[in-house]
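Dear colleague,

I am passing on the structure we talked about, and below it I have written out what I found when going through it chain by chain. Please read the notes with the model open beside them.

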Amino acid sequence: METIVSPKPLLAVLVSLVGALLIAITGERLRNLRETWTILASVTKFGIVASMLPEILNDKVIEYTLFKITSHLILHFKVDALGVFFATTASFLWIITSFYSIGYMRGLKEHAQTRYFAYFAIALSATVGVAFSANMFTAFVFYEIITISTFPLVAHKETKEAKRGARKYLTYLLGTSVAFQLTAIIITYNLTGKLDFSRDGVFETDVSYLTVTITFFLYIAGITKAAIMPLHSWLPAAMVAPTPVSALLHAVAVVKAGVFMVIRVVLYVFGIDLLKSFDLGTILATIASFTIIAASVIALRQDNLKLRLAYSTVSQLSYIVLGVALLTPSAVIGSIIHIVAHAFGKITLFFCAGSIYVSAHKTEVSQLDGIAKKMPWTMAAFTVGALNMIGVPLVGGFVSKWYLLLGALEKGSFEILSVLLLSSLLNAGYFLPIIYRAYFKKSPGHAYEIKENPFMAVTLTITALISIVIGFYPNFIASLAKEVLR
Amino acid sequence: MIRRTESLLVETVCRILIPLIQLFALYVIVHGHYSPGGGFQGGCILGASFILMVIAYDIRWMKHRFSEKKNTLMVALGVFIYSLIGFICIFLGAEYLNYGIFHRILPVDVAKARSLGILAVETGVGITVMAVMVSIFLNLTTYGKHEKGEV
Amino acid sequence: MEILIGKYNYWIYIGLMMIGFYAMVAKKNLVKKVVGMNIFQTAIILFFISTSYKKNATIPIIIKSQEVIEPIQYINPLPHVLMLTAIVVMVSTFGVALAVIVMLYKQYKTLEEDEIIEILKDKK
Amino acid sequence: MGEHSSILVVVISLIASITNVFIALVRKSLCYPFFVFILGICFLLSMDILYTVINFGTVKYKLGGWMPPWGIEYVVDHLNAFVIAIVATISFVVAIYAKESIKKEIAKPRLPYFYSTYLLLVAGLIGIVITGDIFNLFVFLEIASLAGYALIAIGEKRSVLASFNYIIMGTIGACFYLLGVGYIYIITGSLNIADLTRLLPPLYESKVTLAALAFFVIGVAIKIALFPLHRWLPDSYTFAPSAVSAFASATVTKVGIYVLIRISYTLFEPRFLTEITPLSTILVWWATIAIFFGSTIALGQIDFKRTLSYILVAEVGYIVLGVSLGNKEGFIGAVLHILNDAVMIACLFMIAGGLFYRIGRRNLTDFTGLKKYMPITMTAFLVTSLSMIGVPPTAGFFSKWYLILGAIRAEQWISASALIFSSLVNAIIFFKLLEKVYFSKKEAIPKYNFRELPLSMLTPIVLMGLAVLVLGIYSGKIISTVIEFTVPKGF
C-alpha cells in the first residue's frame, strides 16, 4: 500500500472551521453573505474530500501528521477507504442540508441563526476529523468536539424542554466517553503501547481473555453515539433540536461517527481474528439484535413523527453494528454500505418531517391525514425514504440488507437471519401507516393554506432521488466498500 | 489603650531604668558575633525598653518622642542594612552575604572582614527587631487604630 | 522503666505537647486556643534544646586563655540557633493570631467560639 | 545576573515587601507600580533560573559562602525551577488583576499593607521551593503561612474566623514538620537535603526515621489540605479577597506538594516509600479518598468560590495520587498537573472575582445569561471549564491522561475510577454553569452593573485562558524539556 503525505485531510477539517469563524464574524446583519459562507464551506469541503477519492480507489493512503503533543499522543490524519467513504457521505449531505437549513431557519424565523450555522460547521469539521483520524487519540479529540459543538444545536430553542434534552444528550455522550472510552483507550495504550489504528488490530495474541473483554465492552459502552441499547435514550431526547440538526447530525454525522468508531474499534483496534478467537462478536451481535427489535417495537408506539424516526434510527444503527459484529466479509460490506444507504434514506425522512412542520406546523403522525395532496413532493420523497428503510428492492436500503443477509448466511446464523427479516417487517409496520394516512385518509379542513417551501422541497427530492440511484447502481458503492476489506 | 497613670514611683524608676536597658541592649547587639547575644536578642531588649516606656507613660507621649513614621523607617532601615551588605557581596563577586570578600575594600584580613560584616548585619537585624516589636505592641494595644492616629 | 526515666525529656515534651494540643482542640475560648498553640510550640522547642544537652559540657564559646579545643566539652549549639529562629516564627505567629483575635472581637464582641458560630448561624 | 538569580528572586521580594510599607508613608500611589515592578522582576528572574537549569543543569548556590552541609545551600534542579516559574508567573499575573479587583474588596488605607503581605507570601513560597535545607524550608513555610493568614483575614467579614482556624491548623502542620526536622537532625546531625540523601539510607530501619517521616507527611498534608485535613481551606479561600484566593489557591497547595515530593523522593529514596514503609500505598488510598470526597462535596455547594475550593481539594488529591503511584507516568502526570491546575484554578478564581466585582455576589445562579454581558470573560471560562473536565486538546486532558495511565499501570483501579469520577463531577458542575451562561437569559437588574470587566482584570483572565490551550498543545514539549528530568531515579 502506497502512502502519500498531503495536507488535504487537514484542509478538509479546517475548511468548515474557517467557515464557522467567517459565519460568526459576519453575523445576522449580512445574512445572505453568512449563508454564502456556509454553502461555500460545504462545497469546498466536499471538493477536497472527493478529490481524495481517486487516490484511495487506487489503493493509496493519504497521511498527515499535524502535531506531536507527546511521543504517543499525536494528532495524526490518515485517509483510508473507510474514512473517505464516511467523509464523502457526510460532506456531501452537508451541502444539501445547508440549503435545507436556510429554508427551514428562514421559514420559521428562528432566533440565533448565526450560532446555529457556526456550530453546524464546527460539528461537520469534527465529523470529518473522526473519519480521517489515524489513531484513537485523534479520534477521541474529534469525538469530544462533536459532542460539545452539537450541544448548542440541541439546546437551540432555549426552552426548558430543549435544555433538559440537551442536558441528557451531554450527560450520555460526554459522561460515557470520558468514563468508559477514555479508560479503554488508556488501557489499550497501557497494554500495547500503541494507539494507532492498524489493519490487524493492535493487540498481541497473548493477551488475556478477561482484559480484552473488559476493554472491548468499555469501548462499546463508551461510544454512546452509536446508540446501542441501553445507552440510546439520548437520541430521542435530542429530537428537541431543529429538524435539520436532527436530519444531518442525528441521522448522519453524529450517530454515524459513533458507528464509524465502533467499526474502527472492531476492525482496526481489536482485529477480526482476535475477536473471532474470543467469540466477542457474537455477544455484540446479540446486543445489536436486541436493539434492532426493541427499538423498532418502541417506534411502533410513537405518535410524534420525529420520535418515531429517532427510534427507527436507533434500530437502523444497530444494523451497522450487527454487520460488523458478524465479522464476515459480506456482513462488513453490508454495514459499510448501510452507512450511506441509511444516511440518504433517513435524511430524506427527516427533511420531510421538517418540511411538514414548517409548512403545516404538524408534528404528530395522527395529524397527517391527507397531507399528500397539499405536499405532493414531500410525501413522495417520504415514501421513497420509507421504502429505503424497509429494504424494498431498487432502493438503497435493499443493497445493504442484501449483503447483511448474505453475511448472516455466511456465518450460518439462523437467529440473525430471522432478526433481519423480523425487523424489516417491523419497519414496514411503522412506516406504511404514515404513508397510508397521508395518501388515503381524508384531510380535515385547514384554516390556512399549506404550501411547500421550495428550498426544502428541492433538497428532499434530491436526497430521495439519490436513494433510488444507489438502489439502481449499487456497484460503485459496493466496490468502494470492498476496498475497505482488501 | 493605655492611659497615663501618673504614678511617680513608676515613672521615676522607668526613667532611670530605660537608658540602662537600652545600653545593655546595645551591648548585646555589638557583642553578638563572638559571645552570647546578637541582633535579635539585643533588638528584643531594645524594643522592650520602648514598650516599658509606653507602659510607664502613655502612647501619645511615646509617639511624640518616637513617631510612627520613624518607626516604619527603622523597620525598612534595618532590612536595608542587611540586604545592602548582601548586595555589596554580590557586587564584589562573591555569594550573597559572603562578607569575607570585604577584605578587598577594607584594610583588614578575611577573618576580620567576616567579623565586621556580621556586626553590620546584626546591627540591621537589631534595628528591625526593635521597630517591629514596638509596632506589633502598638497595633495590638490600640486595636489597630494606631495608624489612624486615634489613640 | 528505663524508657520512662532514661528518656524523661521526651515524656515531658510529649506531655506538654498534648496539653497544648488539648487546649487548641477542646477549648472554646479563642485566646485559650492561642495559648495552647504557644504551649504546643514551646514543647517542641524544649524537645530540640534537650537533644543538644550533654552532661558536664559548657556553652560553645572559645575563651582566649584556652588553647586546646575539645568538642566533647561543648554542647551542640545548632539546635539553640534553630530554636532561636523558631521562637521568632512562634512570636510572629502569636502576633498574627492575636491580631486576628482582636479583629474577631471587634466583629462579634465575644471571644467564645460557640457564641461566634451562633451569631453566624443567626445571620444565615 | 546568571548565578545570583536564585538568591535574588527571594531577597528582592522579601526586601520589597518591607520597602513597600515605607513607600506607603511617602506616597501611597507609588505602592502599586512598585509592587508590580518587583513581581515583574521576580518573574524575569524565575525565567532566567528555568533557562539556566534547562540548559546547564542543576544550580547550587552557597549562601554566605559557607560550604554545605554547614551553611545553607540553595539547590535548583528542574523541579524547583519549574515550580518557581509557576509561582512567579501566577503571582505576576494575579498582581495585574489585583489592582482593580482589590479596590472593591479592601479599604483604601490598607492597600499598601496588602501589597506588602502579598510580596511576603511570594518570597515565602519561592523560598520554600528554592532552599536546600530542611530547617530553612520550615522558616520559609512559616513566612508564607503568616502572610497567608494575614491576606485571608483582610477579606470579607467571615474571613477573619476562617483565618483564625487556618492559623490553628497551619501551626499544627508546621510544628509537625518541625518535629520531623528534629528527629532527622537527632539521627543524622545534618539539615542539608543533599547531605541527608547520603546519610539516611543506612538508617532506614530505624524507628526514629519512621517517626520523622510520619511527622513530615502529616505536617505537609495539613498544609496542602489533603482530605480530612482540608477543613481550613474552603472557608479561607471562599472569604478571602478574590486576588488572594486566585493566587493562594494556585500556589500555596502546589508548593506544599512540592515539599511532599522533595521529602518522599529526594530526602528519602523511592524504595523507602514502597518497600520499607507502606507510605506510598497509604498515600494512594488517602488521595483516592480525597478525590472522591472533594468532588462529591463540591457538587453540593451554592457559592462558586466554595465549589472551586472543594474542587481544589480534589485536585490536590490528583497530584498526591500521581506522586505516590510510584511509576513514571503517574509522576509526570502529577508534575504536569501542578502547572495545569495552578493555571486553571487561578483563572477560575479570577473569574469568580470578576463576577463579584461586577455584581457583588458569586453564587452559581449568578452566572445566568452572562454571555451577553461578559462575552470575553465567559469564553475564557468556557475554555477553562473544558480543561477542568479534561476535554482534549486543553491542558487538563494531558495531565489527566498521564495520571490515569499511571494509575492503571500501577493497577490501582479504584484510583483510576476516582479520577474519572471526579472528571464527571467537574463535567456536571461546569456544564450546569455553562448552560446558565449560554442558554439562559437574565433580566437586567438596573441596580447592578453588568458589563465586561475592566481591561486590567480582563487581560490576566484571557492570558490564563489562552495558557490553558497553549499548555495543552505544548504539554509534550514541557514534559520532554523539564518534567522528564524531575522523575526520581528509582522509577
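**The interface of chains C and D**

In this predicted model, 38 residues of chain C are in contact with 29 residues of chain D. On the chain C side, C:Leu82, C:Val89 and C:Met103 together supply 15% of the area that chain C buries against chain D, more than any other three residues.

Four helices of chain C, namely α2 (8-26), α3 (30-52), α4 (78-108) and α5 (113-123), each supply at least two residues of the side that touches chain D, and of the elements involved α4(C) gives the most, with 17 residues. Sorted by class, the residues on this side of chain C are 27 nonpolar, seven polar and four charged.

**Chain C on its own**

Chain C has five helices and zero strands, so that its elements, read from the N terminus on, run α-α-α-α-α. Its radius of gyration is 21 Å, whereas a compact globule of 124 residues would have one near 14 Å. The box filled by the C-alpha atoms of chain C, taken along the principal axes, is roughly 75 × 40 × 15 Å.

For chain D, the secondary structure comes to 19 helices and two strands. The radius of gyration of chain D is 21 Å, close to the 23 Å that the globule rule gives for 491 residues, and chain D is therefore as compact as a globular protein of that length. Along the principal axes, the C-alpha atoms of chain D fill a box of roughly 70 × 60 × 45 Å.

Chain D also meets chain B, in a contact that takes 18 residues from chain D and 18 residues from chain B. These two chains bury about 1,600 Å² between them, with 77% of it on carbon and sulfur atoms. Between chain D and chain B the count of salt bridges is zero, and the interface holds one residue pair in polar contact, both residues being at pLDDT 80 or more. The elements that give two or more residues to the side of chain D touching chain B are α1 (5-26) and β1 (59-62) of chain D, and α1(D) gives the most, with 10 residues. By class, that side of chain D has 13 nonpolar, four polar and one charged residues.

**Salt bridges**

Over all chains, a search of the whole structure finds 19 salt bridges. One to look at is the salt bridge in which the side chains of D:Arg262 and D:Asp77 meet, at 2.8 Å from N to O. This pair links distant parts of the chain, 185 residues apart, since D:Arg262 lies in helix α10 (residues 242-267) of chain D and D:Asp77 in the loop between β2 (73-76) and α3 (78-103) of chain D.

**Chain A**

A hairpin of five residues joins β2(A) to β3(A).

With best regards

Conventions. Residues are numbered from 1 along each chain as its sequence is written. Chains are lettered from A and ligands numbered from 1 in the order in which they are written. Side-chain values use heavy atoms; hydrogens and water are left out. Contact means heavy atoms within 4.5 Å. Buried area is the accessible area (1.4 Å probe) that two parts lose on being put together, summed over both. Ala, Val, Leu, Ile, Met, Phe, Trp, Tyr, Cys and Pro count as nonpolar, Asp, Glu, Lys and Arg as charged, and the others, Gly among them, as polar. Two strands pair if DSSP finds at least two bridges between them. A salt bridge is a side-chain nitrogen of Lys or Arg within 4 Å of a carboxyl oxygen of Asp or Glu. A polar contact is a pair of N or O atoms within 3.5 Å; within protein, one must be able to donate a hydrogen and the other to accept it, and residues adjacent in sequence count only if both atoms are side-chain atoms. The radius of gyration is taken over C-alpha atoms; the globule rule is 2.2 Å times the number of residues to the power 0.38.
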